[in-house]
Amino acid sequence: MRKLAFYARLAMQNLFKNRLFYGPNLLACTLCAALFYIVRFLAYSDMVPQMRGAYYVSFMLELGTIVLAVVMMSILIYANGFIMKRRQKELGLYNILGMEKRQVAHVLILESMFLGLGSLVLGLGTGVLFSKLALMGLLRLLKFEIPLGFEVSVQGMVETALVMGAVFLLLILRNLWILHLSRPVDLLRSGNVGEAEPHSRRFMAAMGVLFLGAGYTIAVTIRNPLGAFLLFFVAVMLVIIGNYCLFTATSVVILKALRKNKAFYYKPRHFTAVSGMLYRMKQNAKGMHNICILATMLLVTISTTVCMYAGSEEALRRMYPDEIALSGHLDTGEEALTGDFAALEADYRRAVEQAGLSADTLTGRLQLSFAAGRKGDSFSLYVENDLGMSVYSLDFMFLEDYNRLTGRSATLAPDEVLCYNPGGVDLGDTLRIAGESWRVKETVTDYPVHGASFAATAGGSGQLFFVLADRETLVAVDTLQRSAYIDYEVTLNAGAGQAETRACLDALCRVWNEHFPAHGYRTSCRAEAADDYYGMNGSFLFLGIFLGLAFLIATVLMIYYKQISEGYEDRQRFVILQKVGMSRREVRATIRTQVLMVFFVPLLMAAVHMSFAFPMISRLLSLFSLNNVSLFLLCSLITFLVFALVYVAVYLVTARKYYQIVRL
């Protein structure tokens, strides 16, 4: 019992004595535990099943649990590795003074237990304190009513404790293994072991340029949104590998070039900074690479999810241009030629008025919609599994309906079409589909786009709309393909509530069934779709914020430990330089040069990575009908500026701490 009390007292003394290392670690563990508890609290909240888009919310929370656990483990393993490296001499001294490895192991175990219990208690307290605020934020994002009351998730606490316990058990086992393999003499000499001057690695630099160039090329050149989705992670891995190679190899080349520049190198602050960084470039490169990748992940996560949420309303109106739409399928061209659609539309109007809504905005038309792949200057009806093929939704209506809906009096020959090209696709003056061709007489801007016109756009490159001369030509296009229906579509924008809109849509379905009882139909209702869409995008944003916080914690902790580590490594060197005449002002200038040379390179490279990723992410967003590139650019710039301010603040704090360590 006395031994246990002694070990416990020694462990507490060690934690306090090394508070410069353990303090940030405790804070990071506390924040990780709080974030994890909040996510689990929300996952078990009774409010989630009642939310709009509850399925997406639940899925995102479960996904967030997994990702947070992985990020949390990475953060704590990195922090523990840094601390153990800094304490090697101390552990070696314990051995020299007579403590066995078994006894040192007891101290290390108790230290980890105290740190784990402390961070768990503080983390759960912080999580409980902010859990209601997080729930209110999530409900606000989903446009859901915020309830009164306060609750605590016991199950969330248990799961948080289990995850934290598992992580700290892994850290204890890792520390014991390091202790088992170590020798006291090696531990005592660890602080004096430095790196040899690194050689210029031209092959690695070339590989870095090759991998980075390949990743950038994929990101910039891919045009098909589906192809962008498939190749996104390939591009990410190429950039990560290239980034590491360039930081490791190119930084050495640059530092050696600076050393050869006598006008730059033979100045007190430049001489000390360049020589110091050159002899530990392997460590510097790894740290800068990790910081750069974490910063890039943070920028991509936050800017993308903010853009998705900010553009939700625009995307909804793009996917559902009308409040309600019903498209009834006609199985044969004969039905399209002989059907009495005027009588059908009259019955639709009566059904709308009987439902208590105005039928003034009700419009109907005969249309044909299908997906086609474009390669070269022709559309193919067989969409191949080819990343070089762009997939479009083609929408056709005939001239009589077009003139009726737009108030125009256009004319067309049988081999002519009018074209509406919202995406600016280079079509030339001829439309070619499966060997048939029509001359594009005019490009119009008043095509009456309706909800069902977007039925075949998922994963595609965009939409194209055409007006044909008559019903016969419409049916002729239909004979070119048999996988799509000729539809009679009716749309309505009455400005009613969701319940009234749903009742009206049901009435329209009954009218269609009366006229065409053996035919199917599809419907769309913007108000109902908004529930799932806001649920999905709100969940994405909420998860993005939490992951962004986790990445930020990891980035700040990595920067802090990097600065502290280099401060202790440089301390003896600066002490000697001050003893031989270097003033404190010159020491500050040297520190400023050294920190600036390595501190802001990761931020600059993160901005470069984000710039090249921008086109690919923009195409990925188009899969969610978010085609507002200006909005994404604005979100990216604001995210980068905010992160840059935080980065500068971290720089100021860590540079000050670095100077406190190295000065006399």
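A residue is called buried here if its relative accessible area is under 20%, exposed if over 50%, and partly exposed in between (1.4 Å probe, protein chains only). The model is predicted, so local features need pLDDT of at least 70 and side-chain atom pairs pLDDT 80 or more, while totals for chains, interfaces and linings use all residues. Numbering runs from 1 along each chain as its sequence is written, and side-chain values use heavy atoms, with hydrogens and water left out.

On to the rings. Aromatic pairs (Phe, Tyr or the six-membered ring of Trp, centres within 6.5 Å; planes under 30 degrees apart are stacked, over 60 edge-to-face, the rest tilted) number 14 in the structure. One of them is F396 with F466, stacked because the centres lie 5.5 Å apart and the planes meet at 25 degrees. F396 belongs to strand β4 (residues 390-398) and F466 to strand β8 (residues 462-468), so this pair ties together parts 70 residues apart in sequence; strands are DSSP runs of E, at least two residues, and helices runs of H or I, at least four, numbered from the N terminus. Both F396 and F466 are buried.

Y447 turns up again with Y420: at 6.2 Å between centres and 10 degrees between planes, this pair is stacked too. Y420 sits in strand β5 (residues 416-420) and Y447 in the loop between β7 (436-443) and β8, so parts 27 residues apart in sequence are tied together. Elsewhere, F600, F643, Y647 and Y651 make up one aromatic cluster.
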